[in-house]
Amino acid sequence: MTDLAEPTRTPSVGQPLHRKEDARLVTGQTRWTDNLTAPGTLHMAVLRSPMAHAGITRVDTAPALDQPGVIAAFSGADLADELGSLPCAWPVTADMVHPDHPPLAVAEVRYVGDAVAVVVARDRYTAADALEHIVADYEPLPAVVDMEAALADEVLVHAGKGTNTCFVWPFAGGDIDAAFDGADVVVERRFVQQRLIPTAIEPRAVLVEPVAAAGEYTVYSATQIPHILRLMLALTTGISEGKLRVVAPDVGGGFGSKLNVYAEEVIALVLAKRLGRPIKWTESRSEGYQATIHGRDQIQDVAIAAHADGRIRGLRVDLKADMGAYLQLVTPGVPILGAFMFPAIYKMDAYDFRCTGVFTTKTPTDAYRGAGRPEATFAIERLMDELAVELGVDPMELRRRNWITHEEFPYTTVAGLTYDSGNYEAATDKAMAMFDYDGLRREQAERRERNDRVQLGIGISTYTEMCGLAPSRVLGSLSYGAGGWEAATVRVTPTGKIEVVTGTSPHGQGHVTCWSQIAADALGVAFEDVEVLHGDTQVSPMGMDTYGSRSLVVGGVAVQQAAEKVIEKAKRFAAHLLEASEDDIDFSDGTFTVRGSPEATTTIQDVALAVFAAHDYPEGLEPDLTSDVVFDPENFSFPHGTHLCAIEVDTETGRSVIRSYVCVDDVGRVINPQIVEGQVHGGIAQGIAQALYEEAVYDDAGNLVTGTLVDYFVPGAPDLPSFTTGRTETPATSNALGVKGVGEAGTIASTPAVVNAVLDALRHLGVTDIAMPCSPERVWRALHDAREGATQASGTVASRPPHPEYGESPPQAPAIATQADLSGLDEGGQQ
Amino acid sequence: MPTISVKIDGTTYRDDVEARLLFVHYLRDRLGLTGTNIGCDTSNCGACTVLVDGHSAKSCTMLAVQADGCEVQTIEGLARGWAGASEPEGGQQDGWHPLQTAFHTEHGLQCGYCTPGMIMASVDLLADNPDPSEDEIRHGLEGNLCRCTGYHNIVKAVHAAATQMKAGA
C-alpha cells in the first residue's frame, strides 16, 4: 500500500522533460573529438587527388620530410600492406562487384578527394603546409560522372572488374504483367534523387592514442558507430578487439555521414602504431565535402497501373543507384532498404522492383537520413499526385481509396512487410483540420481565377516508413554482415542510484534523457537518479550503435527489459529481507511489499544497499543488482503520418515560399514529446532542403563544383518556416514500450509534400514536373517552357536543367533567379 | 612574431602568435578554450561566433593579431556571472545567461555543436533588438547554420530569452 502522506513519484514517460545532455552543450564544456588532445599528439594531414580519375605515376614525400616540424610522411604504397581495404558490410548479391578500397590510393585515384598521401607534423598548420611539398604526379584517365553513361562501360571506374555495374537486385511480389496488362490507366515517370551532402555541423575528427609497449590503442572518433568501428578496425588491421578501445565522445550530428568506417580512422590507427605517438586528424569542411560520404543520387523510372476508380493494381520501379567510386560500409544496402517502402501505405496486387548499383568517379554514397526510404516515399507520393491528376480526382481522395484502413492491421504488404499497427485515417483527418485544407483549396481557386502573380500550391505526403533496424534474421536474409540487436545494462548502485549502460551511441537525439525516463518509470525512481553511460567500448562493450531510427525501438526497449530483469532479481533479495515468499512480493513504484502484510515494505534503494553489503542474502544468489539484456526485435516498426504543405510560388521570379507546414505523425508511444517534436522539425528541414535548396553538383570532369558551404546551400533560419506539428498515437505491437521511432520520419515525409505543393501551384499553367531542388531558376524555366509550349510530352523524362549557378546559362536566363536569392536576403544568404 | 594582448572572458592573455594564426585556433589550440567550435572553412556556419568588443564575430574569419587590444566573450564566459534571473533547476543553471536557459528549456539544441555560436549570435541580436519578431530572429541568425533543429525551437528560445530579459531588466 502506498502511504498517501508520501509524495508520489511523477511518471516521467510521456513528459516533456528538459534534456540532461544540455548543461555542457550550452556552456561550452564539451568533449568534441577535436577538443581532445594527448601528450605528444601529432597532427595528420591528407593529400587528396585533384583529379576524378588518374593513374598515380609518382608520389615523393621526401621534400615534405625536410620541412621543420614534420615527423613523417607516407604514400599509399608505403602503407599498403598495413592499411588493407576499407570494409563494405553489405554485399547485397552473391556476385556483387566489390573492388578493393585502399584507404590511401596506391596505383589509381577514382574521385576528387581520394587520399594519396599523409603527412604527420607537430601542429596542424605545419602539417597542412607540408602537403604542399609532397610531389604527386598523375596520368589522367577519363572521368565518368553520369550513371547512365557509366552503364555503357565505355569508361571503367575499376578497369580490372570489367564493368561499372556493381549489382542488379530484383524483387517482386504478385503478377506484375497481369496488373499492368488490364489496367485502365498507367502513369509512368522518371524522378531524379539528386546527390546530397549530409553536412553534420561537427566535421569528422579522429584521435588515436597508443600505448605502444602494450599494443593498446584508444580511438576517439566523431562517429555514430563506436562498436561497429571497433570490430571493423580489428578486422582491417589485425589488432585484437581487446586491445582496441573506441570512444565516441560528444558527437555533433551525423545523419548517416558518421555511420561509416573511414580511411582516416584506419590511417590514424596505423600511424599511431607505427610512430608510437598519438595521431589526430580533423577534416576541414571543404575536405569533408569530398571525403565524407554523400547521400541519395538515384534515377527512378517508375510506373503505376490503376483501375478507372483509382484503385492501384501494380507498381513498377526500375532504380539506378550511384555508388560513387567505391563501396563504403553500407553503400549497396541503401537502395535495397528503399525497395520495401515503395508500396508505402497502399494496397496493390503486384509490385516489381529492380535496382542497379553503378560505379562512377565520384565520392562514395552511403546512408543519409532516411537511407532509401525518402527516395521511395518521394517516388510513390509524387506518383500518387500524378495519378490523381490523370484521373481528375483530389489527391487526398485518391490516397483514401488506396490506403490500408485501420481495421486491416496487421497487414502484409505486397513487398512482404507486415505492418503491425497504424491509423492513416486518424492522422490525416487531424492534419486536414489543422491545415484548413478546404479553405486553402478555395484560396487556390481564387488565385487561379484572378491569374494572381503568386500562385498557391498544396502538397500532400501520406507516408509510412520502417524503423528499428532491425530483426537480425531479416538482416541476414538481406545478406547484411551483422545483426540488428541492441544491448543494455541496468544496475542499482549501493547509494540507490541507477546506472544504465546502452549500446546506442547518441549524437543529438537525447538518449540520456529518454533512457532515464524509461528506467525511472520501470524502477520507480526519480528521473534525476538515473545516469546513462554510452559511446565507449570500455564502458559499453556490447552495442550496435545509432542509425536507421533504431535507438529507441531497439535500444530503448532493451533498457526497459533490463530494468524489469533487475526488479525480478531484486524481488528475491526483497523476499529474503522481508522474510516472505518470493511469490508474495509485489513491486510498485520503487517499493517491494508483501501481499497481505502492508507494513512489510522495502525500497529498491534499501535492497541495493543490502545486496552491496552482502552480509545476509539467500543461498544460490550472487550479490549483485545488475542485469544485461540483448534485445533482438521481432519486426520493424512502422511510424506513419500525414504532412501537408502550402507553398506560394511567384510566377515571375520562380521563388517558392512555404506558407504553412502541418504534420501529424504517429510514432507510437511517445517517451518525450519535446524531443519527438525536435526530431520532426529537424527532419522536415532536411527534407525541405532536398526539395528546394540542396544539390551536390559535379562537372563533366568529375570536379565537385559545390565543394564548400558557400556553394552547397544548407538552409539557414530565414529559408525555413515554423512548423505546426501534431500527433496521433497508435502503439506498436512489436515491442513492449509500444514505440516506433522518429529520427528520420520528417525527412522521409517532407520532400514529396513540398515538391507536390510546388507542382500543384503551377499545374494549371502547364508545368508537370520540376527536378529537385526546385530552385527559382528551375521553377522559372519550367513556367517559361510551359508558356512557350516547349514542354516535352511527358515533361519528366527530359534531361535535367542545369544547376542554377554552375550549369550552362542560356541567354534568356533571368538574372534574378539564383539559389542564393531563395533566402530572400539583400545581403546574400548565409555569408 | 607579433605579440598580442587580449582580454577573454575577463582574463587578459599576452602571447606571441604567428601572424597567420586564426583567432579561433588561438582560442582552441593555444588557450584550450574549446567551447568555441569550428564547423566550416568559409565563414558560413557561424559555429565559431564570439563577441568581440560586444559584437558578434566569426572567430574563424579573424586573425589572432586582429584581436589585439580587444575584449572578447565566449560561450564559456557567458556561462559565468550573468546577474539576471534564471530558471532554478537543481541549482545547475545558476549563473546561466537567459539564452542558455532558454535554449535548454525550449529544446533549441540537439547535437549542440552549433549552439555556442548560435547563442553568442543571439546575444548580439538581442542587444540590437530586445524585442524581435520571428522574422527578425530568423534574419538575425542567418549567419549561423544548424542541421538538427530546423531552427523552429531556436527561434522559440530566442523569443523566450527576450521575454525573460525584458522582465528582468
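A polar contact is a pair of N or O atoms within 3.5 Å; within protein, one must be able to donate a hydrogen and the other to accept it, and residues adjacent in sequence count only if both atoms are side-chain atoms. By that rule, eight residue pairs are in polar contact between domain 1 of chain A and domain 2 of chain A (both at pLDDT 80 or more). This is a predicted model: local features need pLDDT of at least 70, side-chain atom pairs count only at pLDDT 80 or more, and totals for chains, interfaces and linings use all residues. Residues are numbered from 1 along each chain as its sequence is written, chains are lettered from A and ligands numbered from 1 in the order in which they are written, and side-chain values use heavy atoms, with hydrogens and water left out.

**Domains 1 and 2 of chain A**

- Chain A is assigned domain 1 (22-29 + 485-631), domain 2 (33-141 + 203-251 + 258-291) and domain 3 (373-464 + 638-823); such bounds come from an automatic or database domain assignment.
- The C-alpha centres of domain 1 of chain A and domain 2 of chain A are 40 Å apart.
- In contact (heavy atoms within 4.5 Å) are 16 residues of domain 1 of chain A and 15 residues of domain 2 of chain A.
- These two domains bury about 1300 Å² between them, with 46% from carbon and sulfur atoms. Buried area is the accessible area (1.4 Å probe) that two parts lose on being put together, summed over both.
- A:His507, A:Thr537 and A:Asp545 supply 38% of the area that domain 1 of chain A buries against domain 2 of chain A, more than any other three residues.
- Two salt bridges link domain 1 of chain A and domain 2 of chain A; the term means a side-chain nitrogen of Lys or Arg within 4 Å of a carboxyl oxygen of Asp or Glu.
- A:Arg245 pairs with A:Asp536 in a salt bridge, with the closest N and O atoms 2.7 Å apart.

**Chain A against chain B**

- The contact involves 59 residues from chain A and 55 residues from chain B.
- About 4600 Å² is buried between chain A and chain B, 54% of it on carbon and sulfur atoms.
- On the chain A side, A:Val26, A:Tyr125 and A:Ile201 lose the most area to chain B, together 16% of what that side buries.
- Four salt bridges cross the interface of chain A and chain B.
- A:Asp34 forms a salt bridge with B:Arg28, where the closest N and O atoms are 2.8 Å apart.
- Between chain A and chain B, 32 residue pairs are in polar contact (both at pLDDT 80 or more).

**Domains 1 and 2 of chain B**

- Chain B splits into domain 1 (3-78) and domain 2 (98-168).
- The C-alpha centres of domain 1 of chain B and domain 2 of chain B are 21 Å apart.
- Contact joins 19 residues of domain 1 of chain B to 12 residues of domain 2 of chain B.
- The buried area between domain 1 of chain B and domain 2 of chain B is about 1300 Å², and carbon and sulfur atoms give 58% of it.
- Between domain 1 of chain B and domain 2 of chain B there are zero salt bridges, but seven residue pairs are in polar contact (both at pLDDT 80 or more).
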